[in-house]
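Let's take a walk through a protein together, one stop at a time. Have the model open beside you as you read.

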Amino acid sequence: MSLPPASQSYSSVKAILGGTFNPPHKGHIGAALKAADEIGINRVHLMPCKLAPHKSVGVSERHRVKMIELCAENNDRLIPELIELTLPSPSYTVKTLRALKEKSDDTICFFIGADSLYNLDKWYEWEHLLDYCHLVVMRRDDEKFSPPPAIQAWLDCHVANDKHAIHTKPAGHVVLTNTPLYRVSSTEIRDVLAGAPCDEKAGKPNSSNAESSKLWLEESVLDYINEHQLYKC
Ligand code: ATP
């Protein structure tokens, strides 16, 4: 599809993946970059949220930021976006989007995994999200998107059939992407790093699972985790 003439086009498009990134892993990065490719965007901003103290799982904000910076140092398509850490806690995406819009006119594409989409109606002021951004959904655990009925009804009104529609309007579309499945989560990685049993039958850590889980981390992130002894019980 051809893009609109310059007179009709909106200022630049900023892709943002928000998350806890505790720790950031190749599932975040791989899915986000594939989704960016699909909608014709080069760079993705990684935006860590503020965590309530009881959810920080022993890892400070400073460490989460550093791990994101290490990912960005390794890949010039990734950029840290730290605005949410300057806003009041806890983080609410709609408030963050408003703060971003106050700073710049960029069109925002906010990336979420399918698991987040399925819970979207629990998010603060979720009906207003599309006033400020396009939502770009990455597949998470299933080949197909299977949202609950309330979310499906909302999607029916907002899904864009043309993935490049985000370039022709400043906000309001939902794009369901065809990203490959990256079967990993930060929770799994934290469990492995803490030495929790991965092989329930054996009841002890399974070293091959543990090693393969670590492969989901950028090498520099794994080195950083080891150096600072993060996620140890
Ligand atoms: P946790 O296991 O701690 O809940 P997580 O791995 O789900 O963490 P988050 O930082 O909470 O990671 O996720 C940020 C966003 O990235 C969410 O929208 C989530 O759905 C998405 N995401 C995380 N992991 C993947 C993945 N493997 N594939 C696609 N999207 C992902």
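Predicted model: local features only at pLDDT ≥ 70, side-chain atom pairs only at ≥ 80, totals over all residues.

Residues are numbered from 1 along each chain as its sequence is written, and side-chain values use heavy atoms, leaving out hydrogens and water.

Look next for polar contacts (pairs of N or O atoms within 3.5 Å). A polar backbone atom of Ser186 is 2.7 Å from a ligand oxygen, and a backbone N or O atom of Thr20 lies 3.0 Å from an oxygen atom of the ligand. Taken alone, the ligand exposes 600 Å², and the protein buries 87% of that, with areas from the Shrake-Rupley method and a 1.4 Å probe.

Now find helix H3, residues 93-103, where Thr93, Val94, Thr96, Leu97, Ala99 and Leu100 are buried, meaning under 20% relative accessible area (1.4 Å probe, protein chains only). Helices are DSSP runs of H or I with at least four residues, and strands are runs of E with at least two. The buried residues of H3 pack against several elements, including strand E1 (13-19) and helix H5 (129-132).

Finally, where is Thr177? Thr177 lies in the loop between strand E6 (174-176) and helix H7 (186-193). Thr177 is buried, with a relative accessible area of 0%, and a polar atom of its side chain lies 2.7 Å from the backbone oxygen of Val137.

Conventions:
Buried < 20%, exposed > 50% of the residue type's maximum accessible area, 1.4 Å probe, protein only. Contact = heavy atoms within 4.5 Å. Polar contact = N/O pair within 3.5 Å; in protein donor to acceptor, adjacent residues only side chain to side chain.
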